[in-house]
Amino acid sequence: MYFQHIYDKSLAQASYFIGCQKAGVAAVIDPKRDVDTYLEIAKQNNMKITHILETHIHADFLAGSRELAVLTGAEMYLSAEGGPDWKYEFPHVGIKDGDVLKVGNLKLEVVHTPGHTPESISFLLTDTPASDEPVMLFTGDFVFVGDVGRPDLLEKAAGIKGTQDAGAKQMYQSINKFDALPEYIQVWPGHGAGSACGKALGAVPSTTVGYEKIRNWAFQHKNDEAGFVKYLLEDQPEPPKYFAMMKKLNKVDRPLLTAVPKLKKLDYTELSSALAKGTKLIDARDKTEFSKGFIPGSINIQGNNSFATWAGWFLTYEEPFILLVDESQLDDLTRKLMRIGLDNIQGYVHSTKIWEENGGSLEKVNQITIEEFKALQLEKDVQVVDLRGVAEYNAGHIKGADNVFVGTLVNNLDKISKDKKVLIHCQGGDRAAIAYSLLVRNGYKNVLNYSPGMNEWVSQNNPIE
């Protein structure tokens, strides 16, 4: 058996390449959209990809199953569980609980594990030349390292009312099914730490059934369904805005993108014309560089592992946008965007010099220190805005701070004063940089950024509520 774990740090998303070396055939589970990765693995190992599998209709990334199928001729094997509302709307082979797929000498048994979503399935792998006993379980968003998949996304992100409680109860039943498996089976989940598909995912890539039964909170609620449901649903992080679109695009027929796009480099005339029309300019530089000088109206979303997630909060799927990005990062950020279906990139510029050299002036971020923050707090007509998530805010915040989560900031501008001095902060500065650029873009001239945020505030033993 050949096995390779492919991990996208930007979305904390795992996919898997599993091959039978004797037969020269392979399967890919939950492929990302830039599928050249799997084609290269197959080429290097003289294998043909014949099977493409998905554990469920994903919400957090745009699956590359259809792109990979077009390029390889492989068949797509997708869940037929969950009822009529959870059917894929393009040609595929439907699979259900108990079905067995053969990939050369490898056997993959389908296990229906609903909870995260009604159609969720897992794949139990047996390497038949080695043993008749199963060796691996690919769980998708069912069981993670230290956590289980959240059942509230359909309701909170996709707006399907009444699904989170039913999903939580289904998850409880699926956990009991998992609990009955042999303890030695390796567990390979669909996500790791940093994913918004759970609230406490571990950072190691895999685990075992036995270890999860010891350490995973979900297995500490035997004969306590109500306690399990309560804990599972409380304090889940805000689901990114783009999740609803992913649910749709992963289910319906859609345009395919079988190669990473090559972006057009824009000249000043093209840039200024686009900005005049209201086209968004996403400045992917580090927040420190952005603060020293930025093109008016640009939005600072740093080109790090969180880039796609934040882009999905502030860009729509209909509007064109432009990137300000160093050319060394161009391929990486283009891949990150295509993985969530943000393909409408009008072009890029590589620095702010294009603006300055044509007579444009840059704006700077109004940064303040902790001492200045404390002094300003004592003044009248000052508003402190904590940009973190609700659960973070409830766990401890600066006295008197209003909570406006950065992801929903643009829809909550009525909660931000244009008359008072507005002091913004988050945990460590990244979200505050986004918020500062959004507020300035929306006409605010009274914003001061306390970038070190709660990290510095708590480290100096300042009081929190």
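This is a tour of a predicted model, stop by stop, with what to select at each one.

Residue numbers start from 1 along each chain as its sequence is written. Because the model is predicted, local features need pLDDT of at least 70 and side-chain atom pairs count only at pLDDT 80 or more, while totals for chains, interfaces and linings use all residues, and side-chain values use heavy atoms, with hydrogens and water left out.

**Stop 1: Tyr2 and Phe17**

Select Tyr2 and Phe17. The structure holds 20 aromatic pairs, a pair being two rings of Phe, Tyr or Trp (its six-membered ring) with centres within 6.5 Å; planes under 30 degrees apart count as stacked, over 60 as edge-to-face and the rest as tilted. Tyr2 and Phe17 make one of them, edge-to-face, at 5.9 Å centre to centre and 85° between the planes. This pair links distant parts of the chain, 15 residues apart: Tyr2 sits in strand β1 (residues 2–8) and Phe17 in strand β2 (residues 13–20). Helices (H or I, at least four residues) and strands (E, at least two) are DSSP runs, numbered from the N terminus. Tyr2 counts as buried at 15% relative accessibility, and Phe17 is buried at 0%. Buried means under 20% relative accessible area, exposed over 50%, and partly exposed in between (1.4 Å probe, protein chains only).

**Stop 2: Met47**

Go to Met47, in the loop between α1 and β4. With a relative accessibility of 10%, Met47 is buried. Leaving out residues up to four places away in sequence, Met47 touches Tyr2 and Phe17 from the previous stop, and also Gly19, Cys20, Gln21, Gly24, Val25, Ala26 and Ala42; contact means heavy atoms within 4.5 Å.

Now pick Cys20, which is buried with a relative accessible area of 4%. Cys426 is buried too, at 1% relative accessibility. How many disulfides does the structure have? The count comes to 0, taking a disulfide as a pair of cysteine sulfur atoms within 2.5 Å. For scale, draw a distance between the C-alpha atoms of Met47 and Cys426: they are separated by 48 Å and lie 379 residues apart along the chain.

**Stop 3: Glu54**

Select Glu54, in the loop between β4 (48–53) and α2 (65–72).

Show the polar contacts of the Glu54 side chain. One, of 2.5 Å, joins it to the side chain of Ser65, and another, of 3.3 Å, to the side chain of Tyr88. A polar contact is a pair of N or O atoms within 3.5 Å; within protein, one must be able to donate a hydrogen and the other to accept it, and residues adjacent in sequence count only if both atoms are side-chain atoms. Other residues that Glu54 touches include Asp30, Ala63, Tyr77, Leu78, Ile121 and Phe123.

**Stop 4: salt bridges**

The count of salt bridges comes to 26. Start with Asp253 and Arg66, whose closest N and O atoms are 2.7 Å apart. The two are 187 residues apart, with Asp253 in the loop between α7 (243–249) and α8 (268–276) and Arg66 in helix α2. Asp253 is exposed at 52% relative accessibility, whereas Arg66 is buried at 15%.

Next, select Lys280 and Glu319, which meet in a salt bridge of 3.2 Å, N to O. Lys280 lies in strand β13 (residues 280–283) and Glu319 in the loop between α10 and β15, 39 residues apart. Are these residues buried or exposed? Both Lys280 and Glu319 are buried.

Then select Asp8, Lys32, Asp34, Asp36, Asp331, Arg335 and Arg339, which salt bridges with shared partners join into one network.

**Stop 5: helix α11**

End at helix α11 (residues 330–338), which is largely enclosed by the rest of the structure because 7 of its 9 residues are buried. These are Leu330, Leu333, Thr334, Arg335, Lys336, Leu337 and Met338. To see what covers the buried residues, display elements including α1 (36–44), α10 (307–314), β15 (321–324) and β16 (345–349).

Key: Salt bridge = Lys/Arg side-chain N within 4 Å of Asp/Glu carboxyl O.
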